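Q: I have a new structure open and would like to learn how to read it. Could we go through some features together?

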Amino acid sequence: MKWLLPESVADALPDEAARLETLRRRLLDLYQAHGYELVQPPLIEYLDSLLTGAGREMDLRTFKLVDQGSGRTLGVRADMTAQVARIDAHLLNRAGVVRLCYCHSVLHAQPADMQASREPFQLGAEIYGYADLAADLEIVRLAAATLQAAGAPAARIDLGHMGIFRTLMTLAGINGEGEENFFKLLQRKDIPALEAETADWRPELRAAMLALPRLYGDRTVLAKAREVLPKVPAIHKALDDLDALISQASDLPLYLDLSDLRGYHYHSGIVFAGYCQGRSAAMVLGGRYDGVGAAFGRARPATGFSLDIRELCQLATLPLAPAAIFAAALPVDANTDARDARAQAIQRLREQGERVIDALPGEMQTPGVNDVLYSGSVCDRVLVLMQGKWIVQAS
């Protein structure tokens, strides 16, 4: 049984691997066109660096091992956000705005859900060094452009704001495990449990907390939120930012969900989740996470998003891999001139972007039902010698 893989881990066979690589190239080219620079953090890091600001959930997802050289605990990355923040803060150490992108595998000790892979192929983009709303707007637009470029446009993008929840927790005097408990209840929209947990709160704070799970929908939600949430500067600022973002991106399918607080452990401002037609779970997650770089020496403003390109590939509209040309091997007694002419013909075709299979001696085409198949690749043409010239013919 040596060929079996661990649960929730799978090979990418040729068709899927080709689609993944096509999508990866397309999206990284998109980010490059927007001025984002590609970085490739290492697969393993010292655990304390890897888990900076990530919280208990990421700790449980991270594989841990001991470095035989230093004796310190290492972690296999389960997310790349903290790694990219470290690169910006400590290695690049640039002043001003920095735009970075990345795409590589991460590893989870436990899958996010029963259908999820333990080896997501994480792709993302981040902006560092800009604290104002314009950076959040750019990131939301780039996330929407990512789904559009994959041929799976966003059906809706839900906006929230971590500042609202954090302010309510501060006003109620809740922190630590208690704050994490309320976060989980809001994520589940568990109103009965919230009612029980807030029974001894001040009436206005209790009403605000119980209202959060119901504050979702179109832009009119903001007016309702202003009525029921505490009249304090931090909440006013959060609602104003959400209002401004919706105004400046009216062409996007933006909605509000003030209890959708994904990335709670390091996000600090606007957060968002993008959904595609035909999939119930969010495809792309993002938001602002100012201050994560503080542990690396620079507390930089930051905002970004990430997604699992394996999951997006399932919905993506991608061109079929081009069919190949089968170039049969020459007889063993063919002269040098014939071999050179054939090699030159193959090289010219490859330079023109064609896929050409240079057959090994004795290698034959394997017929399919409607096509000629070679090792799983469709060959719809052959390279043949006619009247002293190498030409391509339909097979």
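This is a predicted model: local features need pLDDT of at least 70, side-chain atom pairs count only at pLDDT 80 or more; totals for chains, interfaces and linings use all residues.

Q: How many bridges join strand β7 to β10, and which way do the two run?
A: Seven bridges join β7 (residues 154-161) to β10, and the two strands run antiparallel. For one spot to look at, find V271 in β10, which has G160 standing opposite.

Q: And what about β10 and strand β11?
A: Those two run antiparallel as well, with four bridges joining β10 to β11 (residues 284-288). Look at V271 again: its bridge partner in β11 is G287.

Q: Is strand β10 largely enclosed or open?
A: The general idea is to check accessibility, where buried means under 20% relative accessible area. In β10 (residues 270-276), seven of the seven residues are buried, so the strand is largely enclosed by the rest of the structure.

Q: Which residues of β10 point one way, and which the other?
A: I270, F272, G274 and C276 point one way, while V271, A273 and Y275 point the other way. Residues on both sides are buried.

Q: Let's move on to helices. At roughly what angle do the axes of α5 and α11 cross?
A: The axes of α5 (residues 133-149) and α11 (residues 233-248) cross at roughly 50 degrees, and they come within 10 Å. As for handedness, α5 passes α11 in a right-handed crossing.

Q: Which residues meet there?
A: From α5 come L133, L137, V140 and R141, and they meet D241, A244, L245 and Q248 of α11. By type, the residues of this contact divide into five nonpolar, one polar and two charged.

Q: Now backbone angles. What is the phi of N93?
A: N93 has a positive phi of about 50 degrees, although it is not a glycine. You'll find N93 in the loop between α4 (81-92) and β5 (98-105). N93 counts as partly exposed because its relative accessibility is 47%.

Q: What about Q387: where is it placed?
A: Q387 is in the loop between β17 (377-386) and β18 (389-394). Phi of Q387 is near 50 degrees, a positive value in a residue other than glycine.

Q: Is Q387 buried or exposed?
A: Here the cut-off is over 50% for exposed. Q387 has 85% relative accessibility, so it counts as exposed.

Key. Residues are numbered from 1 along each chain as its sequence is written. Side-chain values use heavy atoms; hydrogens and water are left out. Buried means under 20% relative accessible area, exposed over 50%, partly exposed in between (1.4 Å probe, protein chains only). Axes are lines fitted to C-alpha atoms, for helices over the stretch in contact, and angles run from 0 to 180 degrees between N-to-C directions. A crossing is left-handed if the near helix is turned anticlockwise from the far one by less than a right angle, and right-handed if clockwise. Contact means heavy atoms within 4.5 Å. Ala, Val, Leu, Ile, Met, Phe, Trp, Tyr, Cys and Pro count as nonpolar, Asp, Glu, Lys and Arg as charged, and the others, Gly among them, as polar. Two strands pair if DSSP finds at least two bridges between them.
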